[in-house]
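Q: I'd like a close look at one part of this protein, and then a sense of how that part sits in the whole. Could you walk me through it?

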Amino acid sequence: MGLRKILTDQEPALHKVCKPVTSFDKKLHKLLDDMADTLIDSGGVGLAAPQVGILRRVVLVDVGAEEPDIIELVNPELVETDGEQCGPEGCLSVPGKYGLVRRPNYAKVRAQDRNGDWYEYEGEELIARCFCHELDHLDGILYTEKMDRFLTEEELTADQ
């Protein structure tokens, strides 16, 4: 199990634009495997390479019950969005805080897999939110720069 340290919002690496992946080799595979272990261990729904200190365009998203649960997005790009949702959003790099963020309700991403083959993946609601949130990380943007405001503890527990 290869756990990596998740950087917090004060780390300069989280505010930089990531470079594309050009080598689809064992080093990339190790990064993807370590990121998957780290994501599972953290209990999060998404993780971008800069969150573990690697400035490359790599993202993992946990899509839930389907197999495989975690999809790997290498050099991802948003190719289509539609609709709007506004809701609470958190981040493994901003622990313990949640903000009210507007995102598309639908998103389609084009990306490469660990072997360099291109494919598309689409999702709605939480998956769309996660795609947009994680791809923002690749451009050095945190949700705190897009949120309307932080949510209070009372707001977070009101719906439970």
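Is strand β2 (residues 58-62) mostly covered or mostly uncovered, and how many of its residues are buried?

A: Happy to take a look with you, keeping in mind that this is a predicted model. Strand β2, residues 58-62, is mostly covered, with four of its five residues buried. Here, buried means under 20% relative accessible area.

Now for the neighbours. Strand β1 (residues 46-48) runs antiparallel to β2, and three bridges join the two. Within that pairing, Leu47 has Leu60 of β2 as its bridge partner. Strand β3 (residues 70-82) is also antiparallel to β2, this time joined through five bridges.

Let's step back to the whole protein. Three helices and eight strands are present, and from the N terminus the order of elements is α-β-β-β-β-β-β-β-α-β-α. The radius of gyration is 15 Å, close to the 15 Å from the globule rule for 160 residues, so the protein is as compact as a globular protein of that length. Its C-alpha atoms fill a box of roughly 45 × 30 × 30 Å along the principal axes.

Of the 160 residues, 45% are buried. Among contacts with a separation of 6 or more, 65% are between residues 24 or more positions apart.

Definitions and conventions
Residues numbered from 1 in each chain as written. Predicted model: local features only at pLDDT ≥ 70, side-chain atom pairs only at ≥ 80, totals over all residues. Heavy atoms only, no water. Buried < 20%, exposed > 50% of the residue type's maximum accessible area, 1.4 Å probe, protein only. Pairing = 2+ DSSP bridges. Rg over C-alpha atoms; globule rule 2.2 N^0.38 Å. Contact = heavy atoms within 4.5 Å.
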